[in-house]
Amino acid sequence: MPQAMSEHDRSPSDDASAPTPGAGAGEPVAVPDLEQLKEESLSTTNPLRGTWRVVFDVLAGGMALYYLYSALFGSFRTEMHLGVYVGLTFAMVFIFYPGRTGRTRRGPGPIDVTLALTSLAVAGYFMHQYEAIAYRMGRETQLDMIFATAMVLLSIEVGRRALGWALPIIALSLMAYAYFGPYMPDLIAHRGYSLRRIVNYAYLTPEGIFGLMANVLATYVIIFIFFGAFLNRSGVGGFFIDIALSIAGKTAGGPAKVAVIASGLMGSISGSAIANTVSTGALTIPLMKRTGFKPETAGAVEASASIGGMFLPPVMGAGAFVMVELTGIPYITIMLVSIVPALLYMLSVWVAVHFQAKKLGLKGLPAAEIPDIRDVLRERWYLSLPLIIVVTMLVLGYSPGYSAFWGTLATVPVSWFTKTTRMGPRQVWEALVEGGHNTLVIGATVGLIGIMLGMISLTGLALKFTTVFLSLSSGSILLAILLVALASLVLGMGMPVTASYLVVAVLAGPAFLELGVGLLAAHMIIYWLSQDSNITPPVCIAAYAGAAIAQADPWKTGWTAFKFAKLLYVMPLLFAFTPILMDGPIDKVIVTWISATLGTIAFGALTVGYLQRSTTFLEWIILAGATFLCYLPSIWSDALGVAMVIGLWAAQRRVELSFRRGVRVLVPETAPPMPPGTPQG
């Protein structure tokens, strides 16, 4: 890897705030140190110190070892499999997250320790009494009631500490709905349930806290989180970034295209848009600012590209594993049908970034900073082996958890080929701890989501919602998609995207089936739309993460990210009305893929308002019509749409050439230079 151009000893944070070209006449432009930024982008921190750091590491590493063992040899009894996960997750949240925001966290206080121990005791009671509870279901004891109440309160506090008040308020609202059922409007009224029945249902039944969400996280999701932590330690992150630099670094708007490629590769294994934004954005955002992108644009491009990792196999985020549980469709099927839509999304961001760079006249990075892709692949090709192992095993029919285990194990010998990333016992332990730590944000939702699903099941809200949903949509699939987009956006303001997908899928999924949408298409529509809260104001968490790194206005960054990620709202229409998910004859599927590709390219130009030059209003209308024709799954509409785009491009090109010839006539290139001191302008 060539050395970076900067000669100054600068920190990544200094680079992130450096002025962009043109920021001020005569001001020096800070040049980020590529190697320093790459190291920073892949680092993790833990504020705990002393004894409590050791305690936390033992809990996190122990949980990782326990569930990797379960992935290889099979899980223990159901109550052990779920109880250990919930108990350890809650205990680690109380140790790691302070009770009040703004406090420096060096270790937990007495209240935190008490809550952590209570979490372990409540989970332990569930495991110890599991069979007895099953036998006396409906005749719960007073002790059951005490532990059930404690678990509900602990779930609320865990969610509040890790995620804020929004998700706990939603869960409490559903509990209130279960209690005050007889007083609700007739359309959603029910007989109502006692507080005892509500907390017991949330704690003791498979529909509650120890239910679907806990099972998906403990069986699939956290194994892939461990896999991502080991990949990070083995140097694969730097490998992905160098591949992206070598492919796109020198092109127009190169760093932005590097963000698209690197975020797609990293996101395909991290399964988190926010983590993806923070990790790759620490490198790509300063580089984008350096080459001339506005700070809000740099943060927005990274956030928009990072969402693509939620759609790109092999991991696709926790929501994909929830989809397996809800639909019964094998994960390999979901993974295969997701490849083309995911690549189209990444293409849409790439094309929009390209036209934006052309519109602003931006260049790429200097050739001296770009690694040769042949050298990168020749020297570090082996770093791709863990990913190849996971994908191959999934294709061969092995379970996701089992496949992720062997991929995780493969990262250790792979790391030995490079001295700087070589993993010994200490590095393996650090990767285990990092993996356990990384599970906390998604794990903190498990109790609240269990409560919410339990209340939906207890009250029959899903059936009532289907009736209301069908009534509001008036039998229109298009209107139903718009309603789901709105619901996902509103729910996404208060909960992670996986939780948003799960709740909307439980409520709106049956309605889509009633409207004639296929099972897989219905869930893919909801899954894609559940991502909108990452980049759509007013919340747009991934965009805010990008804005923090870029030191940009969060609101402007959110709306700019919305512009680059608009295919997020187009693809659900293709799921509903075309066989893009390979749910039709092969000839129609291929035509749909071609149409979608052409439409996505035209859509990128339409989004930016640029082709050969900036479009006029009339040209934009023509380009919009061409984009619509390209998306229609027909050879004839594709041909007409492409002809319109080419015709518009040629017309713009002709005007541009005529203008340049006119300028050369007015100001000949061979004109003698003016004497020094001659006034200009």
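Visitor: Which residues of H23 meet H25, and which ones do they meet there?
Guide: In this predicted model, H23 contributes Leu 461, Ala 462, Phe 465, Thr 466, Phe 469 and Leu 470. On the H25 side are Val 506, Leu 507, Ala 508, Pro 510, Ala 511 and Glu 514.

Visitor: How do the residues of that contact divide into nonpolar, polar and charged?
Guide: The contact of H23 with H25 has 10 nonpolar residues, one polar and one charged.

Visitor: At what angle do the axes of H23 and H25 cross?
Guide: At roughly 50°, and the axes come within 8 Å. H23 covers residues 461-473 and H25 covers residues 497-514.

Visitor: Left-handed or right-handed?
Guide: H23 passes H25 in a right-handed crossing.

Visitor: What about H24, how does H23 pack with that one?
Guide: H24 spans residues 477-492, and H23 packs with it at an angle of about 120°, the axes being 8 Å apart. That angle makes H23 oblique to H24. The crossing of H23 and H24 is right-handed.

Visitor: Which residues make the contact?
Guide: From H23 they are Phe 469, Leu 472 and Ser 473. From H24 they are Leu 479, Ala 480, Leu 483 and Val 484. By class, the contact of H23 with H24 has six nonpolar residues, one polar and no charged ones. Phe 469 is listed in the contact with H25 and also in the contact with H24.

Visitor: Switching topic. Which residues of H29 are buried?
Guide: H29 runs over residues 567-577, and its buried residues are Leu 567, Leu 568, Val 570, Met 571, Pro 572, Leu 574 and Phe 575.

Visitor: What covers them?
Guide: The cover includes H14 (295-308), H16 (331-360), H24, H26 (519-529), H30 (586-608) and H31 (617-631). H24 is the helix that packs with H23.

Visitor: Now the whole chain. How many helices and strands?
Guide: There are 32 helices and zero strands.

Visitor: And what share of the residues is buried?
Guide: Of the 681 residues in the chain, 56% are buried. The chain exposes about 28,400 Å², and carbon and sulfur atoms supply 66% of that area.

Visitor: Of the contacts between residues at least 6 apart in sequence, what share joins residues at least 24 apart?
Guide: Among those contacts, the share is 77%.

Terms used: Residues numbered from 1 in each chain as written. Predicted model: local features only at pLDDT ≥ 70, side-chain atom pairs only at ≥ 80, totals over all residues. Heavy atoms only, no water. Axes fitted to C-alpha atoms, helices over the stretch in contact; angles between N-to-C directions. Helix = DSSP H or I, 4+ residues; strand = E, 2+ residues; numbered from the N terminus. Left-handed = near helix turned anticlockwise from the far one by under 90°. Contact = heavy atoms within 4.5 Å. Nonpolar A, V, L, I, M, F, W, Y, C, P; charged D, E, K, R; others polar. Buried < 20%, exposed > 50% of the residue type's maximum accessible area, 1.4 Å probe, protein only. Areas by Shrake-Rupley, 256 points an atom, 1.4 Å probe, with all protein chains shown as cover. Parallel < 35°, antiparallel > 145°, perpendicular 65-115°, else oblique.
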